[in-house]
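Here's a quick briefing to read alongside the model. Have the sequence and the 3D view open as you go.

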Amino acid sequence: MLNEPDAALSPEKRYDVSETIPDNDNKPVDPPMEPTYKILIADDHPLFREAISSVISTGFSGSQIIETADLDSALDITRENDDLDLILLDLNMPGMHGLNGLITLRNEAPTIPVVIVSAEEDKQVVLQAITYGACGFITKSSPRAQMTEAIQQILNGNVYLPSDIIRTGKENTHRRSRHEDNPISPELLNSLTRRQLLVLERMSKGESNKQIAYNLNIAETTVKAHVSAILRKLGVHNRVQAILSASDVDFSQYLKR
């Protein structure tokens with residue numbers, strides 16, 4: 001009887017406990033992590049696409065990058081990839097026609113953030129891009145660190161503007177814009193119905209037809225009809241001209257009626 005405790009601690013019994021130790025070698029391997037972000041670079045200059053791809057790969061490791069060189073293909077890609085986190089859009093690539101291309105893209109993909117990446121450094125162009133729906137403006141002359149910071153701010157849900165451009169040329173830009181713009185006369189504004197004024201006000205903020213329909217609680221087809229009527233009454237040929245004309249309008253004054 002005195003030997004029974006020793007039997008309980010015999011090698012055979014002691015090694016049985018190893019069966020409860022997990023075998024790490026047999027653990028399932030975790031699947032690879034998904035890309036941090038999915039970003040479209042739309043620019044017709046291969047060297048710049050390569051440069052901005054390098055900025056994203058370094059600053060946002062694991063991100064999936066899609067490249068294209070014209071607006072039409074960019075529109076096709078956005079239709080096929082509604083999970084894009086960001087579009088980096090060149091202002092002067094084929095098909096853009098300046099800011100008109102930005103508006104077309106925003107109408108097609110209103111939920112995907114778009115940032116203009118351009119060699120343009122005119123303050124008025126920067127501000128108009130934001131007015132038409134861009135969530136940021138990055139100049140191609142920006143250092144890598146500044147580009148990375150700008151992209152991070154935009155991915156965080158903020159608007160990025162190049163502060164050095166915004167701070168300069170205020171008086172000259174104001175004077176030039178007053179001279180070049182074709183403001184809407186009070187008579188033309190008074191010819192618009194209240195609903196048309198509301199639609200025009202949201203157009204001037206860069207909202208797409210889908211966004212306007214949602215915010216005004218009306219059908220998108222109704223918005224399109226209002227837009228057509230607005231263009232006709234204002235005597236302009238397209239949405240961009242209407243937005244430019246309405247950029248300085250105090251809509252609260254006309255919506256009081």
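Let's start with one serine: Ser-63 has a relative accessibility of 17%, so it counts as buried, the cut-off for that being under 20%. Keep in mind that this is a predicted model.

**Around Ser-63**
- You'll find Ser-63 in the loop that runs between helix 3 (46-59) and strand 2 (64-68).
- A polar atom of the Ser-63 side chain sits 2.8 Å from the backbone oxygen of Phe-60.
- On the Tyr-37 side, the backbone nitrogen is 3.3 Å from a polar atom of the Ser-63 side chain.

**Helix 12 against helix 13**
- Helix 12 (residues 209-216) and helix 13 (residues 220-234) have axes that come within 8 Å and cross at roughly 110°.
- That angle falls in the 65 to 115 range, so helix 12 and helix 13 are roughly perpendicular to each other.
- As for handedness, helix 12 passes helix 13 in a right-handed crossing.
- Helix 12 brings Asn-209, Lys-210, Ile-212 and Ala-213 to the contact, while helix 13 brings Glu-220, Val-223, Lys-224 and Val-227.
- Sorted by class, this contact between helix 12 and helix 13 has 4 nonpolar, 3 charged and 1 polar residues.

**The whole protein**
- Zooming out, the protein has 15 helices and 5 strands.
- It runs to 257 residues, and 42% of them count as buried.
- Taking the contacts with a separation of 6 or more, 67% are between residues 24 or more positions apart.

Notes:
Residues numbered from 1 in each chain as written. Predicted model: local features only at pLDDT ≥ 70, side-chain atom pairs only at ≥ 80, totals over all residues. Heavy atoms only, no water. Axes fitted to C-alpha atoms, helices over the stretch in contact; angles between N-to-C directions. Helix = DSSP H or I, 4+ residues; strand = E, 2+ residues; numbered from the N terminus. Parallel < 35°, antiparallel > 145°, perpendicular 65-115°, else oblique. Left-handed = near helix turned anticlockwise from the far one by under 90°. Contact = heavy atoms within 4.5 Å. Nonpolar A, V, L, I, M, F, W, Y, C, P; charged D, E, K, R; others polar. Buried < 20%, exposed > 50% of the residue type's maximum accessible area, 1.4 Å probe, protein only. Polar contact = N/O pair within 3.5 Å; in protein donor to acceptor, adjacent residues only side chain to side chain.
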